[in-house]
Amino acid sequence: MSPSQFLSQCTASAISDAAQVLANGGLVAFPTETVYGLGADANNADAVARIYEVKGRPSDHPLIVHIASMQQMGQWSDEIPEFAIDLARDFWPGPMTLILKRSDLAKDFITGGQNTVGVRIPNHVVALALLEAAEKVGIQGIAAPSANRFGQLSPTTAAAVQVELGAFMKDADLVIDGGTSAVGVESTIIDCTGDIPRVLRPGAITDEMIVESTGLQLRTHNAREEEIRVSGSLENHYAPIATVILDQQPVAGQGFIALANISTPEGVSRLAAPADNDEFAHLLYAALRDGDIKGLSHIVVTQPVGSGIAVAIRDRLMRAANSSETA
Ligand code: TXA
Ligand code: MG
């Protein structure tokens with residue numbers, strides 16, 4: 001049993017209690033449409049320091065500030081380009097994080113010492129209710145990374161949060177159960193500090209959607225160069241314990257994840273058979289976790305092809321497979 005409280009009845013009074021936990025400097029793990037986040041008051045240095053402790057994450061990694069409204073966006077950044085406003089109007093609340101030049105409100109303990117800040121309005125009734133209740137008690141944003149130990153898979157259920165972090169949270173902290181995250185992979189991160197948008201992490205808001213919304217082309221980049229240039233770079237592993245192998249024929253005793261139209265060879269443990277790419281994203285992390293629970297040493301994944309959310313799925317799978325190689 002973990003010491004933190006587990007909240008599955010998301011009543012109005014439960015949500016305002018959770019906001020009070022944040023106001024008292026506690027941590028609240030909460031559902032979003034992408035993955036679960038581990039939240040703290042983004043203006044409370046001690047509370048934010050506890051996020052790093054509980055995650056076991058290096059403290060120079062910047063955190064995303066979750067906000068309730070476009071007005072709050074203007075509190076965290078006083079230099080917002082037109083194209084960022086277009087994106088916010090089109091895709092918030094939603095699975096998109098905008099990197100903006102920071103205002104004085106965004107301190108080094110949020111930005112990892114960079115002069116930029118990441119902000120996002122999540123699209124989940126519980127997350128939005130929590131953000132609004134938090135705003136009422138004076139909280140201007142909730143800093144929240146994915147609610148997993150550093151380098152592990154992001155949780156898409158409250159139960160997975162308990163497995164990841166339960167042992168590291170305190171009595172006064174809270175985990176809110178808001179069901180399974182609909183999208184299943186982390187938000188698209190878009191750097192809005194240049195004259196055109198640049199995608200730092202692919203997600204459900206795709207390149208095509210960004211181009212359509214802004215009328216601008218995207219700045220392209222070499223992924224390796226990116227990792228070196230963005231200090232506090234994106235985590236380069238989203239990995240289960242099992243070794244992840246991509247696009248090979250699975251053999252008996254191995255786990256297997258592939259679209260439903262691909263059959264399961266004899267003796268192979270099928271972990272997911274999604275009907276389409278959206279369902280693939282939705283099921284992926286839970287299926288990889290399931291492979292670990294079953295004690296499988298290898299999980300083979302047949303990657304989805306094409307554009308859209310498939311790009312984000314392949315990005316996470318490539319990282320999972322790489323960290324298998326270097327583990
Ligand atoms: O979907 C999501 O984005 C989830 C949910 C909880 O909102 N959050 C999430 O946070 O994935 P996290 O911390 O696990 O991943 C955010 C990534 C980190 O790799 C961090 O380095 C990067 O975003 N990031 C945050 N602020 C940044 C900034 N100012 N500049 C560049 N990268 C930034
Ligand atoms: Mg993360």
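Buried residues, meaning those under 20% relative accessible area with a 1.4 Å probe and protein chains only as cover, make up 55% of the 327 residues in the protein. The structure is a predicted model, in which local features need pLDDT of at least 70 and side-chain atom pairs count only at pLDDT 80 or more, while totals for chains, interfaces and linings use all residues. Residues are numbered from 1 along each chain as its sequence is written, chains are lettered from A and ligands numbered from 1 in the order in which they are written, and side-chain values use heavy atoms, with hydrogens and water left out.

The radius of gyration, taken over C-alpha atoms, is 19 Å, which agrees with the value near 20 Å that a compact globule of 327 residues would have, the globule rule being 2.2 Å times the number of residues to the power 0.38. Along the principal axes, the C-alpha atoms fill a box of roughly 60 × 50 × 35 Å. The accessible surface, computed by the Shrake-Rupley method with a 1.4 Å probe, comes to about 13,600 Å², and 51% of this area belongs to carbon and sulfur atoms. The secondary structure comprises 11 helices and 14 strands, where helices (H or I, at least four residues) and strands (E, at least two) are DSSP runs numbered from the N terminus. Of the contacts (heavy atoms within 4.5 Å) between residues at least 6 apart in sequence, 66% join residues at least 24 apart.

Around ligand 1 there are 27 residues, of which Thr 34, His 66, Ser 146, Ser 187 and Arg 201 come nearest; a residue is counted as near when one of its heavy atoms lies within 4 Å. By class, this shell has 12 nonpolar residues, 10 polar residues and 5 charged residues, with Ala, Val, Leu, Ile, Met, Phe, Trp, Tyr, Cys and Pro taken as nonpolar, Asp, Glu, Lys and Arg as charged, and the others, Gly among them, as polar. Polar contacts to the ligand, that is, pairs of N or O atoms within 3.5 Å, include one from a side-chain atom of Thr 116 to a nitrogen atom of ligand 1 at 3.0 Å. A polar side-chain atom of Arg 120 lies 3.1 Å from an oxygen atom of the ligand, and an N or O atom in the side chain of Ser 146 is 2.9 Å from a ligand oxygen atom. The protein covers 99% of the 680 Å² of accessible area that ligand 1 has on its own. Two or more residues of the shell are given by each of β4 (64-66) and β6 (116-120), and the largest share, 4 residues, comes from β6.

Leaving aside residues up to four places away in sequence, Ser 77 touches Leu 100, Lys 101, Arg 102 and Ser 103.

Two backbone features were also identified in loops. Trp 92 and Pro 93 are joined by a cis peptide bond with omega of about -10°, Pro 93 being placed in the loop between α4 and β5 (96-101). Asp 247, in the loop between β11 (243-246) and β12 (255-257), has a phi near 55°, a positive value in a residue other than glycine. At 45% relative accessibility, Asp 247 counts as partly exposed, a class that lies between buried and exposed, the latter being over 50%.

Terms used. Polar contact = N/O pair within 3.5 Å; in protein donor to acceptor, adjacent residues only side chain to side chain.
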